[in-house]
2 protein chains.
Amino acid sequence: MSTPTRPGKVGIREVAVAAGVSQGSVSHYLNHPDRVSADKARRIQDAIDQLGFVRNNAGRQLRLGQSSTIAYLVPDVSNPFFASLAEGVEVAAARAGLAVFIANSNRDRAREDSYLELFQEHGVRGMLVASPNPIEDRLAAIRARGIPSVLVGQRASTPEQPSVSIDDVSGGYLAARHLIEAGCRRLAFVGGPLRIRQVADRLQGASAAIREEPGVTLEIIDVSSRIIAEGHEVAEAIVDRDPAARPDGVFAVNDLLAIGMVQTLVARGVRVPDELALVGYDDIEYAGSSIVPLTSVRPPHEEFGEAALDLLLAVSSDTEPPESTQLVFPPELVVRASTRR
Amino acid sequence: MSTPTRPGKVGIREVAVAAGVSQGSVSHYLNHPDRVSADKARRIQDAIDQLGFVRNNAGRQLRLGQSSTIAYLVPDVSNPFFASLAEGVEVAAARAGLAVFIANSNRDRAREDSYLELFQEHGVRGMLVASPNPIEDRLAAIRARGIPSVLVGQRASTPEQPSVSIDDVSGGYLAARHLIEAGCRRLAFVGGPLRIRQVADRLQGASAAIREEPGVTLEIIDVSSRIIAEGHEVAEAIVDRDPAARPDGVFAVNDLLAIGMVQTLVARGVRVPDELALVGYDDIEYAGSSIVPLTSVRPPHEEFGEAALDLLLAVSSDTEPPESTQLVFPPELVVRASTRR
DNA sequence: CTGAAAGCGCTAACAG
DNA sequence: CTGTTAGCGCTTTCAG
């Protein structure tokens, strides 16, 4: 027999037999439907429906040498900021006929590595990577193997690495400046670890604003993670201080921390913003609906995700690479009740 | 030449040449490291590092006939409820040596379908599916092709379909009962469309509670999507009514709606809970830090995700399938300020 | 312990 | 327009 049908397995071969055509025609039908006669097309489609044929991606990809999925690696799926980026990424990907697989590293170095490895093994078309860790070396190595990537949320330090980020230094400046203008004199920066680029940049911007204003002090409250629970702890510690020793304005390095803080501050009877004004960062959807609506530094969200994917597409196309491969968006300050005295 | 080295491409073949061993030995080293002599193992590893070899998943999977990734299809990545499930899913997956790819259908039927198709093409080991749509038929067809799945967040209606869900009827009952006990007499259920199983079940539970209490009425306010923005709209409409015509207790079918509602109610000067008490559903992390902290019906989160993955593993193993393949967790009511009069 | 070789399912180049 | 066929990279028998 030249084309035996194996029971149980439904491949292109079984479809061909059922439709009474050759394997090649089925493949043609699948990939260039217009190059097959209407009659055979119908018979093939019928056979496909009948048999419930699903084309095997492994075979296809092995043959083609590339897939049509792109990967989006996120440090924390439960941070709404990354979720809202994902929306934009998917919109742009759909437009380009690509599917997006999201993977969650949970900020864990080892898991980041293993997903990065996995993506390569899977031959993804490209990757979008958001990470609190220094990861450019790894991305450079991956790029050398032909897989392009865009660093998301952090400006790349080498010109070869495309990135999409916001200007965190000016975001930090905006936040601190605003607190000063609201009358705060003893500021605190809540965030860490400082080795994280975004954290350091935001602090740097805040420091610059403080330096412009003699008499205003900046205390740094270092935290190891940037989640709601950590905000609770920091706020507890602040409330436990002698009232005179408390900061009167806090710039939290992200909204999760800020939300946690407001929650505890309010619960412990500290008046926000009167006794303590608070600015967050990212302007996640929940910032505006916090116990005390949160003033926050707002990066673009969906546009940001779209920009990242478009950039990835641009750098991976054969055409001339785009003018600039390091997009930096300006942040905006969204003022809400947490700083409105 | 029997093993030519193609420049640029680094495959198992190139590694073999560089290490001076055969292709088969490299593969052995990769898959059964203990079956290779220490000397060759070292040489092979050196060659791998040197060349930056990454094994090609397409070839591997084609040969093996299966992959070691599982898929998690989510209707909305930006809903923190699904994000918190993801954490649990990944924990359990990591334990089993599996990687999780998350895909976002954005509640869109067509996108759901195309991801489901894609997962099959990719030969995932199994899928976890959360969907507001009726999707069991599709999953049954996929199961027939050998890919197991677990329906998440919705009890399956056929015994063959494994599922992990909470008892939404009793969740709805809990919510409405609580509002009644808080003194509410004109309740409103905010949610929709009613063809969504979870929505219908929650309403059914609420109705049961109302029937127990003569004199209490239940108004149904139908919405088409269950997001924060929709909550804003519903609240606007309620505030625009004559005060006497407003409900005094609202059960929102999820926290997103409830959060949007509180935000608008407070902004428009309606006192929550005094004029209007509010209960949400899902107990997402932000419910507790809402402008008025939200009473909510709480399903398990991480445990839920873990349970789903464990169930998937259990049904896909060759061993006897577990006693019960339809896990239903009981919900709890978490009482916060939004109903505390 | 090691190597040679077959073949997983598919696509595209080529011949008819 | 249709069929035949050669691999894509890998794993795994099976011999040695």
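**Figure 1. A salt-bridge network in chain A of the predicted model.** In this predicted model, a network of salt bridges joins Asp39(A), Arg42(A), Arg43(A) and Asp46(A). Within it, Arg43(A) pairs with Asp39(A), their closest N and O atoms lying 3.0 Å apart. Because these two residues are four positions apart in helix H3 (residues 38–51) of chain A, about one helical turn separates them. Arg43(A) has a relative accessible area of 29% and is therefore partly exposed, and Asp39(A), at 39%, also counts as partly exposed.

**Figure 2. The salt bridge between Asp39(B) and Arg43(B) in chain B.** The side chains of Asp39(B) and Arg43(B) meet with an N to O distance of 3.0 Å, and both residues belong to helix H3 (residues 38–51) of chain B, where they are four residues, or about one turn, apart. Asp39(B) is partly exposed at 38% relative accessible area, and Arg43(B) is likewise partly exposed, at 30%.

**Figure 3. A salt bridge between distant parts of chain B, formed by Arg107(B) and Asp76(B).** The N to O distance in this salt bridge between Arg107(B) and Asp76(B) is 2.7 Å. Arg107(B) lies in the loop between strand S2 (99–104) and helix H6 (109–121), whereas Asp76(B), 31 residues away, lies in the loop between strand S1 (69–74) and helix H5 (80–95). Arg107(B) is partly exposed, with a relative accessible area of 29%, while Asp76(B), at 5%, counts as buried. Over all chains, the structure holds 40 salt bridges.

**Figure 4. A stacked tyrosine pair that crosses between chains A and B.** Among the 16 aromatic pairs found over all chains, the rings of Tyr286(A) and Tyr286(B) are stacked, because their centres lie 4.0 Å apart and their planes meet at 5 degrees. In each of the two chains, Tyr286 sits in the loop between strand S9 (277–281) and strand S10 (295–298), and both Tyr286(A) and Tyr286(B) are buried.

**Figure 5. An edge-to-face pair of Phe189(B) and Phe251(B).** The ring centres of Phe189(B) and Phe251(B) are 5.5 Å apart and their planes stand at 70 degrees, so the pair is edge-to-face. The pair links strand S6 (residues 186–191), which holds Phe189(B), to strand S8 (residues 249–252), which holds Phe251(B), across 62 residues of chain B. Phe189(B) is buried at 0% relative accessibility, and Phe251(B) is buried at 3%.

**Figure 6. Arginines over tyrosine rings in chains A and B.** Arg202(A) lies over the face of Tyr281(A), at 3.7 Å from the ring centre. In chain B, the charged end of Arg202(B) sits over the ring of Tyr281(B), 3.7 Å from its centre.

Conventions. Residues are numbered from 1 along each chain as its sequence is written. Chains are lettered from A and ligands numbered from 1 in the order in which they are written. This is a predicted model: local features need pLDDT of at least 70, side-chain atom pairs count only at pLDDT 80 or more; totals for chains, interfaces and linings use all residues. Side-chain values use heavy atoms; hydrogens and water are left out. Rings of Phe, Tyr and Trp (its six-membered ring) pair if their centres lie within 6.5 Å; planes under 30 degrees apart count as stacked, over 60 as edge-to-face and the rest as tilted. Buried means under 20% relative accessible area, exposed over 50%, partly exposed in between (1.4 Å probe, protein chains only). A charge sits over a ring if NZ of Lys or CZ of Arg is within 6 Å of the ring centre and within 35 degrees of the ring normal. A salt bridge is a side-chain nitrogen of Lys or Arg within 4 Å of a carboxyl oxygen of Asp or Glu.
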